[in-house]
Amino acid sequence: MRVVRLLALPVLLVLAWWAVSGSSFYLPSPDRVGRAFAETWFSERLVLDVLPSVGRLLAGYVLAGLLGVGLGVLIGLSRRLRATLEPVLEFFRAIPPPVLVPLIMLLAGIDTPMKVLVIVSGCVWPILLNTVEGVRALDEVLSDTCRMYGVRGASRMRRFVLRGASPQIMAGLRQALSIGIILMVISEMFASSSGLGFTIVLFQRQFQIAEMWSGILLLGLLGLALSVLFRGVERRVLSWYYGSGAERA
Amino acid sequence: MLEISSLGKVYESRGRRVEAIGSITFGVGSGELVCVVGPSGCGKTTLLRCIAGLLPASAGEVRVAGVPVTGPPPNMAVVFQEYGRSLFPWMTVRENVELPLKEKRLPAGRRRELVGESLTAVGLIEAAEAHPWQLSGGMQQRVAIARAVAYEPQVLLMDEPFAAVDAQTRADLEDLILRLWRDLGVTTLFVTHDIDEAVYLGQRVIVLSSSPTTVMEDLKIDLPAERDQVATRSLPRFGELRGHVYRQIQRARGTR
């Protein structure tokens, strides 16, 4: 029953696609796209385009995570630092990251460092601001408990600060993941010779319409896989949070 | 064991100066159980936080075993009123009790022993692998008590620990505290707003005035050492003491 409910809508969508396909050169049928998908992506493109893209995404995402959580904890723990930095941070967060691509190209060239930097520059803000919020809202009674029972330094950081802020940190990481995928593609659409974004633009320019569609499909599947993976990690990390019903409060 | 001398606390913020505690002086002898009662808003929690070293005093000093308190003393444990917020929700009951022992760098064997003993003493050994939020309020407070006991403190502070549990659970927890105190002989300071509870538990009851707080009376509770929820509470002397403290507190509220 569950499987039926899960698959019903995707099957319907493919059928609808089938029905309208063929009416236009730009809308090939699902089997055309499916064949193009297999031919295009189960080839050396997997190694030359897909893996480098995903690698840059993960590198940028991990860097943004370390930077965002690290700085977020520092800022969250210090009231003075927070008062000084918060307006500036809100400003930087408000800048749409794609407009930074030309700038970062000037500073970091057009190779992998540029692309990773673009991803970091977009992903870091939601992680940073959510971490600040989570650390700021740590429970005072728990904080007093730590002081009374001699929980301090690295132990306090690991067992209290990071765990206590983890619901907000995870929320930031979830937002950052979708931003990261968008920026991965965008960074490859500017001056690039490999990667998923580059390939899709290339197919479009060469009127390989089915191949172009298969690239979009691949991006969708990639996003879906990453979000399923993320949800699995989140369930584990935040099991206490969902169990305690705190998210409803 | 615990000496509080001329303790004062003034909260100062822009243009406002609130004298929460005027001057409080009293002592708690080694192995004694002393209750502190006072009218609501008299700074009981402020007093306790000053004694625990969580809040710097504005005047006077607190000494634990002769050592002046400047931060939380290593030989002191606290049971907070907000049991739901003083246990780590991401840790199991066992981990919550064990954490302070890890910070004390006790060897694993000794830790296991202390955790087992203290959880057995509060009747929660079965729930060791549960998370705090899976337990009722009274059980959560028992975990907090077990954590305090396992820490083997010389001084145990309790800040209205039973204010948020139902009456039946409250009676059970009061008797649990009496039993643990007798078994361990730990010096205990119990802050409460409940006059009955103070008279029932304490060997002495310190009655506080309203803010700026001073000690109104240091009352010896001359009830039989063995306390019982029904027998003790129906003694004529219990009624007298309770009435006396009640009138004192009414007077304290009147002089505000």
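The side of chain B that touches chain A draws at least two residues from each of strand S6 (76–79), helix H2 (83–86), helix H3 (93–103) and helix H5 (137–150) of chain B, where helices (H or I, at least four residues) and strands (E, at least two) are DSSP runs numbered from the N terminus. H3(B) gives the largest share of this side, 4 residues. By class, the side of chain B that touches chain A holds 18 nonpolar, 2 polar and 6 charged residues, with Ala, Val, Leu, Ile, Met, Phe, Trp, Tyr, Cys and Pro taken as nonpolar, Asp, Glu, Lys and Arg as charged, and the others, Gly among them, as polar.

The model is predicted, so that local features need pLDDT of at least 70 and side-chain atom pairs count only at pLDDT 80 or more, whereas totals for chains, interfaces and linings use all residues. Residues are numbered from 1 along each chain as its sequence is written, chains are lettered from A and ligands numbered from 1 in the order in which they are written, and side-chain values use heavy atoms, with hydrogens and water left out.

In terms of contact (heavy atoms within 4.5 Å), 26 residues of chain B and 22 residues of chain A take part. The area buried between the two chains, that is, the accessible area (1.4 Å probe) that two parts lose on being put together, summed over both, is about 2200 Å², and carbon and sulfur atoms give 66% of this area. Between chain B and chain A the count of salt bridges is 3, a salt bridge being a side-chain nitrogen of Lys or Arg within 4 Å of a carboxyl oxygen of Asp or Glu. In one salt bridge between the chains, the side chains of Arg159(A) and Glu103(B) meet at 3.2 Å, N to O.

Chain A contains 11 helices and 0 strands, and its C-alpha trace spans about 70 × 55 × 30 Å along the principal axes. Of the 249 residues in chain A, 43% are buried, where buried means under 20% relative accessible area, exposed over 50%, and partly exposed in between (1.4 Å probe, protein chains only). Among contacts in chain A between residues at least 6 apart in sequence, 75% join residues at least 24 apart. For chain A, UniProt lists "domain: ABC transmembrane type-1" (unreviewed entry) at residues 50–230, its positions being given in the numbering used here, with feature names shortened and annotations that may be inferred rather than shown by experiment. Over residues 50–230 chain A is 86% helix and 0% strand, with the end C-alpha atoms 20 Å apart. For chain B, UniProt places "domain: ABC transporter" (unreviewed entry) at residues 2–235, a stretch that is 32% helix and 28% strand and whose end C-alpha atoms are 31 Å apart.

Over all chains, a search of the whole structure finds 25 salt bridges. Glu61(B) forms a salt bridge with Arg63(B), with the closest N and O atoms 2.6 Å apart; Glu61(B) is partly exposed at 29% relative accessible area, and Arg63(B) is likewise partly exposed at 28%. The side chains of Asp196(B) and Arg233(B) meet in a salt bridge at 3.7 Å, N to O, a pair that links distant parts of the chain, 37 residues apart, with Asp196(B) in helix H7 (residues 195–201) and Arg233(B) in the loop between strand S10 (213–220) and helix H8 (236–254) of chain B. Asp196(B) is partly exposed at 22% relative accessibility, as is Arg233(B) at 26%. Within helix H8 of chain B, Arg237(B) and Glu240(B) lie 3 residues apart, about one turn of the helix, and their side chains meet in a salt bridge at 2.8 Å, N to O. Arg237(B) is partly exposed at 32% relative accessibility, and Glu240(B) is partly exposed at 44%. Salt bridges that share partners join Arg170(B), Glu174(B), Asp194(B), Asp196(B), Glu197(B), Arg233(B) and Arg242(B) into one network.
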